[in-house]
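Let's walk through this protein together, from its overall build down to single side chains. Please keep the sequence and the 3D view open beside you as you read.

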Amino acid sequence: MTTSYNSDFYGWVSEQVTLLRSRQFNDLDLANLVEEIESMGRSEYDQLESRLTVLIGHLLKWQFQPNYRSASWQSTIREQRRKIDRLLKRSPSLKSKRDQVLEEAWEDGRELALRETGLAESTFPEQPTYTWEEIQNPEFWP
């Protein structure tokens with residue numbers, strides 16, 4: 001076979017799966033296979049960061065614009081909490097990255113809140129003020 005990773009990704013994946021299933025390890029495209037597996041791990045981390053960014057942005061809007069609270073914001077907060085919980089159940093090793101991802105997502109969530117509210121930059125704390133436990137707690141509404 002030898003389908004090219006660069007010219008036919010789907011074909012390459014199918015071929016690698018066939019080689020793995022038939023235990024033809026010497027014929028695997030190890031360099032690209034390793035790269036793809038690493039990419040899958042990064043994708044899970046990126047999904048956690050993205051969902052946490054949206055959650056933080058909406059929690060900040062909820063806290064600092066109480067007169068604009070809506071069912072839509074509430075729904076988004078609940079959905080992101082559920083999706084983060086599922087992601088952490090599916091990939092529990094991501095829990096060891098919680099502090100790192102919280103720092104990164106806070107910055108982006110703050111930017112989201114700034115962009116969507118038009119409030120002064122000084123309104124929103126630069127450093128996280130919610131703990132991970134608060135962020136994931138369905139009873140926490142700042």
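Does Leu52 count as buried or exposed? At 0% relative accessibility, Leu52 counts as buried, where buried means under 20% relative accessible area, exposed means over 50%, and partly exposed lies in between (1.4 Å probe, protein chains only). We will come back to this residue and its surroundings below.

A word on the ground rules. This is a predicted model, in which local features need pLDDT of at least 70, side-chain atom pairs count only at pLDDT 80 or more, and totals for chains, interfaces and linings use all residues. Residues are numbered from 1 along each chain as its sequence is written, and side-chain values use heavy atoms, with hydrogens and water left out.

Now take in the whole protein. It has 5 helices and 0 strands, counted as DSSP runs and numbered from the N terminus (H or I, at least four residues, for helices; E, at least two, for strands). Along the sequence, the pattern reads α-α-α-α-α. The C-alpha trace spans about 65 × 30 × 25 Å along its principal axes. The radius of gyration tells a related story: the protein has 20 Å, while a compact globule of 142 residues would have a value near 14 Å. That radius is taken over C-alpha atoms, and the globule rule is 2.2 Å times the number of residues to the power 0.38.

Of the 142 residues, 36% count as buried. The protein exposes about 9,000 Å², with carbon and sulfur atoms supplying 47% of it; these areas come from the Shrake-Rupley method with a 1.4 Å probe, and for residues only the protein chains shown count as cover.

Leaving aside neighbours within four places in sequence, Leu52 is in contact with Ile84, Val101, Leu102, Ala105, Trp132 and Ile135. Leu52 and Glu107 are 55 residues apart in sequence, and their C-alpha atoms are 11 Å apart in space.

Arg51 also has its place in helix 2. Not counting residues up to four places away in sequence, Arg51 touches Gln80, Lys83 and Ile84. From Arg51 to Glu79 the C-alpha distance is 9.3 Å, across 28 residues of sequence.

Two further residues of helix 2 deserve a glance. Ser39 is found there and is partly exposed, with a relative accessible area of 30%. Its C-alpha atom is separated by 23 Å from that of Trp106, 67 residues apart along the chain. Asn32, also in helix 2, is buried, with a relative accessible area of 18%. Beyond its neighbours within four places in sequence, Asn32 is in contact with Tyr5 and Trp12.

A pair of aromatic rings is described by the distance of the centres and the angle of the planes. Here, rings of Phe, Tyr and Trp (its six-membered ring) pair if their centres lie within 6.5 Å; planes under 30 degrees apart count as stacked, over 60 as edge-to-face and the rest as tilted. By this rule the count comes to 5 aromatic pairs. Phe9 and Trp12 form a stacked one, at 5.8 Å centre to centre with 25 degrees between the planes. Being 3 residues apart in helix 1 (residues 9-21), these two are separated by about one helical turn. Phe9 is partly exposed at 41% relative accessible area, whereas Trp12 counts as buried at 2%.

Trp62 and Trp141 make another pair: their ring centres are 4.9 Å apart and their planes are at 55 degrees, so the pair is tilted. Because Trp62 lies in helix 2 (residues 30-64) and Trp141 in the segment after helix 5 (132-136), the pair ties together parts that are 79 residues apart in sequence. Trp62 is buried, at 10%, and Trp141 is partly exposed, at 24%. Trp106, Tyr130 and Phe140 form one aromatic cluster.

Technical notes: Contact means heavy atoms within 4.5 Å.
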